[in-house]
Amino acid sequence: MLIVACIKQVPDTTQVQIDPVTNTLIRDGIPFIVNPYDTHALEEALRLKDRFGCRVAAISMGPPNAEATLKKALALGVDHAILLSDRVFGGADTLATSNVLSAAIRKLHSDVDEVGLVLCGKQTIDGDTAQVGPGIASRLGYQQLTLVDRIVDLNFSGKIIRVSRKLEGRHEIVEAPLPAMLTVVRELNRPRYPKVPMRLAAAKATVEVWNNQVLKLDEQKIGLKGSPTWVSKIFSPDRAVGEILGDGFADPEGTAEMLIEKLLAKDMLPI
Amino acid sequence: MPQQTVLFTPLLVASVAFFAWSLYRQLSLVGLGKPDAGGTDYVRSLRSMLVYAFGQKRILRHPFGFNHLLMFWACVFLVVVNIEFMLEGIFPSLSLAKLPDRIYFPICFISDILSALVILAVVNAVIRRMFFPAYAQARTFEAFVILSVICVHMLAYFGINASEISQGRELAAAYMPVSNVLAGLLVGMTAEELGLFHVVSWWTHAIALMVLMNLLIPYSKHLHVFTAIANCFMRREGKPNVLPLEAFVEGNVFGAGQVDLFSRKDLFDSFACTKCGNCQNACPAAFTGKAMNPRLLVNDIRVNLLVNGSRLKRGEAPILPLIGNGGEGSVSEEALWNCTTCGACMESCPVFIEQMPKIIQLRRHLVETEAQFPEELLNLFENMEGRSNPWGIAPSERAKWCSQLDVKPFDKNTTEYLFYVGCAGSFDSRNKHVSVAMAQLLDRAGISWGILGKDEKCCGDSVRRLGNEYVFDKMARENVEIFRERGVRKVITQCPHCFSTLKNDYRQYGLELEVIHHSELLRNLVQDGYLKLNGTAGEMGAVVFHDSCYLGRHNDVYDAPREALRAATGTAPKEIGRNRNNAFCCGAGGGRMWMEEHSGERINLTRVKEALEEKPDTICVACPYCLTMFEDGLKDVNADGVKVLDVAEVMAEAVLR
C-alpha cells in the first residue's frame, strides 16, 4: 500500500512584500518553505507508515529548486521523493496543476504500489485556493475528504476510512471507501522534527525528477496553456483607518462598554 | 606475635589483591569512553592538584570545610603509619621504632595528636549530618558507616598504644599524650587482660583497615579519596562553557545516548563525586524543586556505567538506558530540559566535575538522534533555522529598532567596532530601548561603530545549549563567513549570550574576535574620559546588581558592570545575597527562555524575591534575558515601584539627560 503526500514549495509569506508600483510579489531573496498545511499532510502519511508499515511517496510540482522541499521530506522519512518539473508545467493554475499531480499519482499507482490514500494540505499559503486537492480527487475518481482534523479509523484491507472534518462551529464524521484523497488542517497532528542522520542521508540522496517525457501529458492540458485562470492584478487591499475609542487607562470600564456597543452594532458578538 | 602473622599475612595479601582488583574493575570502565581531545599541561595540572586537592581551596569556602581539611591531612599522614602497621603485621621486625628516636618520637607524637583530632572531626561530621546536613538525603547509611569505621579504626589505634604503654613496651610513651591518658584507664588490668586487650585492639584496627580498603574505598563514595585528587589534576583548561564540535558526516553518532559515548573525563568525573551536594544547592532547577539534580545526574552516569560496563566491553547493547524513567542509573528527559546551563554546579564543585557539558551531550542525543524535545522547542528550532531569530520575525525587520536614529552600516575600511545588536536588542520591544541607549552612548563617546542591519543573524546560543548542534553549526558557519567577509575584528555585544558565543564558541571555527560586552566598554569609556557624567543617575535610588551567568560565571566579568554602575550613580551597587560566582540564575539560560516552566517554584520569582530583600528601587542587569525575567517576576509579586534597567540605560541616564 502506498500513501502519496502532495507538498508544495511556497515563498515564506511572512517575508513577502508587494511592490507598490507593479502590484506584484517581490520574490527576490525571499526564502522558500514547505507549505505549512502540507507539513501536516506529510506528517500524517509518516504516522500511517509507522502504524501500518505502508510506504510513503512525496511528490511536488515546481521548478528545479523545489528539490529542497523534497529533500526535507526525505529527511523526515518518506520512501520516494519525486519532483515534477518541466518548463511546460510552468504557469499552471489549479486545474493544470491537478492534471500533472494526478498523472503522477496514476503513474506511481502502476509503477510502485497500489495507492490507498493521497494527502494534501487544505490549501497553500501563496495561492490560498484550496482547489488542487479536490482537483486531484476528481481527476483520479477518488473519494474526497476535505478539512480533515482526525483520522478516526482506517482499514486498508477492508478499504474503508472514517475521518473527522473540521467545519465552522462543528465537526463531521464521515466514512468513505479507499482510495481517498484527504486535505488536512493544522489540528490533525504536530509535525516531527528531522533527525540528523536522516538529514545527512537526505542531503546526499537524489530526488527523482519526472518531466513531461515521463508523464506524457497533452500540452494543452498543462502549464500556462492548460490554465483557464489568469491573474490580472495583485494588490494589498486598502484598510480603513481605525479609531481610538475612549481612554482605556483613565476609564477602562467605560471604554470596554463602548467597545462592546460597537461590536454589537456590527453584529460581531455572538449572543 | 607469630600467630598474628600467620593469620594476618594471607588476609592482608588477599585484601590488597582484592582492593587492586576492585579499583581496576571499576576504573577500567572509564576506558570505554571516548578519548579526550587536547594535550595536558602538567605544570598547570600539578598546581591545580596542589591548590584544590591538597589545599582544599574550594572546600574551605563552606562551613565544616576546615573539618574536612583536617581529616584529609590527618589521613594523608596516617596512611604512612598504617603502611607501617601492615608491614609490621607481616614482618614483625619492620617497625618505625627501629628509626632513630629523633625521628620516631615526633612521628609518634604527631600520630597521637592527629588520631585524636580525626575522632573529633568524625564526631563533628556526624553532628553535621544529623543536624545540619548539606541536603536532607545526605544522611545515608553509607555515610554513617564510613564515619563509624574511621572512628573505630582510630579508637583501636589508641587501644593498641594504650595497652603497649601499660605493658611498658612503648619507647615513645612520653611522646603520646592522648594514648598516655588512655593507658591510665587500664591501670588495674592484669598482664593477661592487658595482653587480651592488645590483641583485640590490634585485630579491630586491622579489620577496620581492611573494611575501609575492601568495601568502603572501592564501593562507596569514599572512593573519592583517590579520584578527587586525580580529578583536580585533570581539571580542564579554561572555562567549561563550550562543547566539542560534532562532525556532520554520515555514520557518525550525535550526542551521548549511551554511557560509553561520553568522554573518558566525563566518566572519570562520575567516580570522583563525593555526593557533597554543593551542586544541587547551587542549581536553580534543583533549588526550586524541579526534576534536575546535578548530583544525581553524576551518580546516574556512574551507576549506568557499572551496570552496563561489562556488556559494553564485550560490544553488547546496554541493558539499562541512560535516558529513561529517572530511576537510579537513568536520567529522565524532564530533568535534562530543566537545566539553565548557568554553570553554578560546576562553580560549586570542589573537585571540578563538569555536570553541564554532560547535560548538553544528553540533550544533543535527544534532539539530533531522537528528534525528541518539549513541544515549545519545535517553533524555536524552525524559527532559528529558517529566519535566524527565536521568534520567527522576518529578518528584514532586524534594523527597525534604529529607524529613528542615524546608524551606519558596518564598513570594513572605515568602521572600528561592529555593534552586534543581537535578537533581543533587535526585536524585543523592551530591549530595543537598551539598543537605542547604546547607540546614543557610542555616538556621544565618538566611537567608530556600525551594524550589519538585516544581514545580522542570530549567534545560535540557545540552539547550541539546547543540544541542536546541527542547526548551531549551520548558523555559526554562516556568521563566521559574514564576519570574515566584512572584515569584522572588534565586536560590541549587549547580550552576554552573544558575547560568550562569539568570543568562545566561534573560536572553534577559527574565528578570533575581540569581543567586548557593553558593560566593559561603558566602564572603559567613562574611565578614559570619553563619556562625561552629569550625575543625574544618582536619582535612581538604591540600585542592586544581578550577575548574568554567561557574563559572570562563564566569562569572569564581574567588576565591569559594577564599576560602570558606580560611575553612573555615584555609589557602588548593592549586592544580592548570592552574587558574583555564586549568583543565582534568572532562569532563562540554556534555551529555558523559550520553554514553559511546569514544575516547582519559578526560578525568576525566586531570584526576584532574593533581590527584593535588599530593598532596591532599581534592579540593574546586563543581559536581555535577565531583563525579561526580572520584569516578569516583579509583576508576579506586584512590586510595581521597582524598576529593572540595563547597565546601558543607567549610563545613558547619567550621560545624556
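This is a predicted model: local features need pLDDT of at least 70, side-chain atom pairs count only at pLDDT 80 or more; totals for chains, interfaces and linings use all residues.
Side chains of opposite charge can pair when their charged atoms come close.

In chain A, A:Arg192 forms a salt bridge with A:Glu43, and the closest N and O atoms are 2.9 Å apart. A:Arg192 lies in the loop between strand E12 (180-184) and helix H5 (196-204), while A:Glu43 lies in helix H1 (residues 36-52), so the pair ties together parts that are 149 residues apart in sequence. A:Arg192 is partly exposed, at a relative accessible area of 25%. A:Glu43 is buried, at 4% relative accessibility.

B:Asp266 and B:Lys358 meet in a salt bridge through their side chains (3.0 Å, N to O). B:Asp266 belongs to helix H9 (residues 264-272) and B:Lys358 to helix H15 (residues 355-369), so this pair links parts 92 residues apart in sequence. B:Asp266 is buried, with a relative accessible area of 9%. B:Lys358 is buried as well, with a value of 0%.

A salt bridge also joins the side chains of B:Asp547 and B:Arg562 (2.7 Å, N to O). B:Asp547 sits in the loop between strand E7 (543-545) and helix H23 (559-569), and B:Arg562 in helix H23, so the parts tied together are 15 residues apart in sequence. Both residues, B:Asp547 and B:Arg562, are buried.

A network of salt bridges links B:Glu246, B:Arg364, B:Asp461, B:Arg464, B:Arg465, B:Glu469 and B:Asp505.

On the surface, A:Asp247, A:Asp251, A:Glu253, A:Glu257 and A:Glu261 gather in a patch of negative charge. A:Glu257 is placed in helix H7 (residues 252-265) of chain A. A:Glu257 counts as exposed because its relative accessibility is 54%, and exposed means over 50%.

Note on methods
Residues are numbered from 1 along each chain as its sequence is written. Chains are lettered from A and ligands numbered from 1 in the order in which they are written. Side-chain values use heavy atoms; hydrogens and water are left out. Patches are made of residues with over 30% relative accessible area and no salt bridge: like charges are joined within 9 Å, nonpolar side chains (Val, Leu, Ile, Met, Phe, Trp, Tyr) within 5 Å. Accessible areas come from the Shrake-Rupley method with a 1.4 Å probe; for residues, only the protein chains shown count as cover. A salt bridge is a side-chain nitrogen of Lys or Arg within 4 Å of a carboxyl oxygen of Asp or Glu. Lys and Arg count as positive and Asp and Glu as negative; His and the chain ends are not counted. The place of a charge is taken as NZ of Lys, CZ of Arg, CG of Asp or CD of Glu. Helices (H or I, at least four residues) and strands (E, at least two) are DSSP runs, numbered from the N terminus. Buried means under 20% relative accessible area, exposed over 50%, partly exposed in between (1.4 Å probe, protein chains only).
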